[in-house]
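Here is a briefing on one protein model. Look at the fold first, then read the points by topic.

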Amino acid sequence: MRKERVWARLLGLERAVVESVEIDGNGQVVAAVRPHHRERDRCGVCGRRSPGFDLGEGRRRWRALDLGTTIAYLEADAPRVRCPEHGVVVVAVPWARHGSRFTLAFEQQVAWLAVNTSGSAVAELMRISWRACGDSLRAQVVRRRKGTWWPVRARSPVQVQVDKRTRLSLSHCSTKLYCCCCSNPGFP
Ligand SMILES: [Zn+2]
């Protein structure tokens, strides 16, 4: 297997190409990637192929799952297209939802952990803020409601555990509860 494919597998990438991998000045792994040709120039909101508009704000990074003990990022161009329905928007990328700073695999792991442990533990383990943890949870709920992704896989119905030390806001609690319902095999 070519090393680019090995890196793609390690980073959980699909429909994308790894161009290079390096360690940056902070000791973090940074993988330069690009979408497959058929995934390019798609509206970040609806995914419709659209004419190019400009180069946007240049290169962008997404936090990926750690590689061992090392934090990893994906880095890619983020040009903009003009969608007939949504106007000028940043293109869609196959590894992250529109507007997120994290990869889909990273958000999925955060959501699963959040259902099965406390928010403070998730934030510490994943090395993110509690706010980012809540954003990831909400994203899974939205995707579930749209029917585009089955969000959180659990082996059995999950009991809700609210860690009072994390001072969860009502919206965070609601999101967590909803994820628990979604992960219940009996949930329609
Ligand atoms: Zn669109």
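Confidence in this predicted model is highest in strand 6, at 97, and lowest in helix 5 (residues 170-183), at a mean of 44. The score is pLDDT, the predictor's confidence in each residue, from 0 to 100. Helices (H or I, at least four residues) and strands (E, at least two) are DSSP runs, numbered from the N terminus.

**Ground rules**
- Residues are numbered from 1 along each chain as its sequence is written.
- Because the model is predicted, local features need pLDDT of at least 70 and side-chain atom pairs count only at pLDDT 80 or more, while totals for chains, interfaces and linings use all residues.

**Confidence**
- The protein has a mean pLDDT of 78, and 71% of its residues reach 70 or more.
- Over residues 147-188, pLDDT stays under 50.
- For that stretch the model has 62 contacts beyond four places in sequence. Two residues are in contact if their C-beta atoms, placed from the backbone, lie within 7 Å.
- Where pLDDT is low, the predicted coordinates should not be read in detail.

**Overall make-up**
- The protein holds 5 helices and 7 strands. From the N terminus on, the order is α-β-β-β-β-β-β-β-α-α-α-α.
- Of the 188 residues, 32% are buried. Buried means 20 or more other C-beta atoms within 10 Å of the residue's own; exposed means 12 or fewer; partly exposed lies in between, with C-beta atoms placed from the backbone.
- Among contacts with a separation of 6 or more, 59% join residues 24 or more positions apart.

- Three strands form an open sheet in the order 3-6-7, with antiparallel pairing. Strand 3 (52-54) and strand 7 (87-90) are the edges; each has a single partner strand, so one side of each is left without a neighbour in the sheet.
- The twist averages 40 degrees from one strand to the next. Axes are lines fitted to C-alpha atoms (for helices over the stretch in contact), and angles run from 0 to 180 degrees between N-to-C directions.
- Two strands pair if DSSP finds at least two bridges between them. Strand 6 (residues 80-83) pairs with strand 3 over 2 bridges and with strand 7 over 4 bridges.
- Strand 6 and strand 7 form a hairpin, with 3 residues between them.
- Arg 80 is the bridge partner of Asp 54. Arg 80 also stands opposite Val 90 in strand 7.
- In a regular strand the side chains alternate between the two faces of the sheet. In strand 6, Val 81 and Cys 83 make up the covered face, and Arg 80 and Arg 82 the uncovered one.

**The largest nonpolar core**
- A nonpolar core is a set of buried Ala, Val, Leu, Ile, Met, Phe, Trp, Tyr and Cys residues joined through C-beta atoms within 7 Å.
- The largest one has 34 residues; Leu 11, Ala 31, Trp 62, Ala 64, Leu 74, Trp 95 and Val 110 touch the most other members.
- Helix 2 gives the largest share, 6 residues.
- The core draws at least three residues from each of domain 1 (1-96) and domain 2 (102-188). Domain bounds come from an automatic or database domain assignment.
- Leaving aside neighbours within four places in sequence, Leu 74 contacts residues including Leu 11, Ala 31, Trp 62 and Trp 95.

**Gln 109**
- Gln 109 sits in helix 2 (residues 104-116). Gln 109 counts as partly exposed because it has 19 C-beta neighbours inside 10 Å.
- Gln 109 and Met 126 are 17 residues apart along the chain, with their C-alpha atoms separated by 9.0 Å.
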